[in-house]
Amino acid sequence: MSITALRRLLSGAPLCVALLAGCSTTPPSSEASAVAAAEAASPPAAAADAASAPTHASVIDAAAVAAVEASVNAPIEPDAPRPVDPLRPESVVDLNDTAAQADLWARVRRGFAMSDLDTDLVRTAEQWYSTRPDYVQRMTERGSLYLFHILAEVERRGMPTELALLPFIESAFNPQALSTAKASGMWQFMPGTGRDYDLKQNVFRDDRRDVLASTRAALDYLGRLYTMFGDWHLALAAYNWGEGNVRRAVERNERAGRGTDYLSLRMPNETQYYVPKLQAVKNIVSRPDTFGLALPPVSNHPNFLSVPITRDIDVDVAARLAGMPQDEFKALNPQMNKPVILAAGTPYVLLPYDNANQFVRAVAEHRGPLASWTAWIAPKTLRASEAAKHVGMTEVELREVNRIPPRMLVKSGSTLLVPRSEKRSADVSEHIADNAVMSLAPDLPPARKVSLMAGKKESVASVARRYGLSTRQVAQWNDVGTWASFKPGQTIVIYLTGKTSTTRKTSRAKPALKPADVKTIRPAAARTGLRPAKVSTTR
């Protein structure tokens with residue numbers, strides 16, 4: 001979400017520090033309540049306000065900080081404002097009341113609304129989980145950090161609460177999960193689907209890992225799939241296999257006069273097992289004792305705040321000011337690709353109650369820079385060593401922080417993370433924060449474009465062998481498949497570096513033949529294979 005979008009969202013609610021996802025057994029301190037109360041009374045800072053803020057580099061609105069300090073130092077009144085849940089802003093949240101201390105699992109069970117499956121695959125999944133109690137314990141403890149927010153979002157949309165359990169199946173509630181197919185995050189979005197649902201993926205962040213953004217996107221997608229198929233089991237199958245595949249499977253069964261429900265469709269094994277796994281988790285949550293398992297208690301209230309930031313800040317600095325280990329900070333803010341948080345692209349951080357209060361106070365007292373990194377746009381295509389000289393880094397440092405492999409060029413327009421300096425001290429703009437790209441190219445000698453005349457029985461494979469090239473390259477250059485053959489006399493294009501001879505293994509061929517020469521010696525050429533027809537040099 002861009003900072004503009006966030007400000008537009010917050011402008012309609014009396015929140016600056018908002019309660020968000022997760023679960024906790026520890027109520028917030030009085031100071032944390034004061035933070036939320038003070039921030040609730042303060043609107044988010046506009047860009048102009050940030051420009052006129054005090055000279056030290058504060059990431060929190062100055063008026064909000066002053067209100068927090070006053071609230072913390074003042075005695076807490078019995079009727080003081082309480083933390084507010086942004087999903088239900090009209091409701092006051094009392095973390096000490098009976099409902100807040102109730103077990104969240106009971107609330108999950110009450111919202112179950114999908115029809116049950118009872119198949120052998122469900123039994124197989126139940127057995128798999130029940131024989132791995134340590135795995136179930138780790139998965140549910142990790143999920144307890146995010147489950148309250150997900151459940152609240154599901155309920156707000158009127159969806160069945162089984163959907164709140166789907167991250168158990170997708171990622172075991174690991175927001176850093178990355179599949180071999182490049183699906184990422186707690187909800188396992190593929191890159192293209194993520195972009196379809198406004199999940200930014202660039203140099204600085206991957207919103208597929210963002211706890212709030214990915215949950216919003218996943219429920220938007222599932223809601224759309226349910227509207228499309230009118231059945232939650234088919235919607236889940238489409239979430240796993242793709243809506244087009246499920247639609248075609250339904251159409252095939254319709255033409256054949258067969259059933260079109262989930263169990264009647266021909267699907268890959270993974271998709272056939274997908275809904276049964278969710279059913280098994282549902283059964284375990286409903287009756288854990290039946291499977292010899294114990295679910296860790298999860299309190300029925302949110303346990304962390306969304307704290308707006310207005311300045312770029314290093315991840316390690318943010319964690320230190322919040323009084324948190326970096327791994328715990330990253331568990332709540334896992335979308336960062338770089339060691340800096342850009343306020344223009346990620347205008348908030350998620351923090352537990354007490355840490356949010358400490359963060360607000362520590363930032364107000366902080367002197368000196370909050371961010372040591374910024375963005376730099378390559379003005380032209382450069383080697384890593386050349387780019388390093390431009391920005392005052394060693395080549396090793398530049399490669400490491402920007403993940404530049406050996407023997408690769410940084411292409412013009414690429415965004416690199418570099419140290420701040422007197423000349424580069426401004427925060428990164430929203431355009432760069434949202435659209436930064438890194439483009440690389442092989443660092444190879446200039447290549448010559450060579451056009452060849454095919455002899456008899458020439459193929460992509462034979463050309464590749466003769467000139468020491470890959471079949472994929474030759475096929476791509478000539479817009480054919482890797483198993484394709486060429487007709488005698490057909491022109492073939494290849495690109496060769498300076499070290500590669502155009503007469504390799506064809507000693508009788510002549511370079512740069514004239515058209516008349518080609519016609520005259522074609523029989524000889526057929527015996528010797530390919531010969532150069534013309535040579536040009538290009539980059």
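Arg-403 is an exposed residue, with a relative accessible area of 59%, in what is a predicted model. Its place is the loop between α20 (395–402) and β8, and the phi angle of Arg-403 is near 55°, a positive value in a residue other than glycine.

A second residue that is not glycine, Asp-198, also has a positive phi, in this case near 60°. Asp-198 belongs to the loop between α11 (191–196) and α12 (211–229), and with a relative accessible area of 47% it is classed as partly exposed.

## Strand pairing

Strand β8 (residues 408–410) is joined to β7 by two bridges, and the two strands run antiparallel. In this pairing Leu-382 is the residue that stands opposite Val-410 of β8. Both strands take part in an open sheet of three strands, whose order is β7-β8-β10 and whose pairing is antiparallel. The edges of this sheet are formed by β7 (382–383) and β10 (440–442), and because each of them has a single partner strand, one side of each is left without a neighbour in the sheet.

Elsewhere, strand β6 (residues 373–377) is connected to β9 by five bridges, again with the strands running antiparallel. Trp-376 stands opposite Leu-416, a residue of β9. Strand β9 itself is mostly covered, since four of its five residues are buried. As a general point, the side chains of a regular strand alternate between the two faces of the sheet.

## Salt bridges

Side chains of opposite charge can pair when their charged atoms come close. Over the whole structure, a search finds 20 salt bridges. One of them joins the side chains of Glu-155 and Arg-107, at 2.5 Å from N to O. Glu-155 is part of helix α9 (residues 147–156) whereas Arg-107 is part of helix α6 (residues 104–110), so this pair ties together parts that are 48 residues apart in sequence. The two partners fall into separate accessibility classes: Glu-155 counts as partly exposed at 33% relative accessibility, while Arg-107, at 12%, counts as buried.

Another salt bridge is found between the side chains of Arg-420 and Asp-312, with an N to O distance of 3.4 Å. This pair links distant parts of the chain, 108 residues apart, with Arg-420 in the loop between β9 (415–419) and α21 (430–435) and Asp-312 in the loop between β2 (304–308) and β3 (313–314). Asp-312 has a relative accessibility of 2% and therefore counts as buried, the cut-off for that class being under 20%. The side chains of Asp-207 and Arg-205 also meet in a salt bridge, at 3.1 Å from N to O, and both of these residues are buried. Beyond such pairs, a network of salt bridges links Glu-153, Arg-156, Arg-157, Arg-216 and Asp-220.

## A positive surface patch

On the surface, a patch of positive charge is formed where Arg-247, Arg-248, Arg-252, Arg-255, Arg-258 and Arg-266 gather. One of these residues, Arg-248, lies in helix α14 (residues 243–256), and its relative accessibility of 43% places Arg-248 among the partly exposed residues.

Note on methods
Residues numbered from 1 in each chain as written. Predicted model: local features only at pLDDT ≥ 70, side-chain atom pairs only at ≥ 80, totals over all residues. Heavy atoms only, no water. Patch = residues over 30% accessible without salt bridge, like charges linked within 9 Å, V, L, I, M, F, W, Y side chains within 5 Å. Areas by Shrake-Rupley, 256 points an atom, 1.4 Å probe, with all protein chains shown as cover. Salt bridge = Lys/Arg side-chain N within 4 Å of Asp/Glu carboxyl O. Lys, Arg positive; Asp, Glu negative; His and termini not counted. Charge placed at Lys NZ, Arg CZ, Asp CG, Glu CD. Buried < 20%, exposed > 50% of the residue type's maximum accessible area, 1.4 Å probe, protein only. Pairing = 2+ DSSP bridges.
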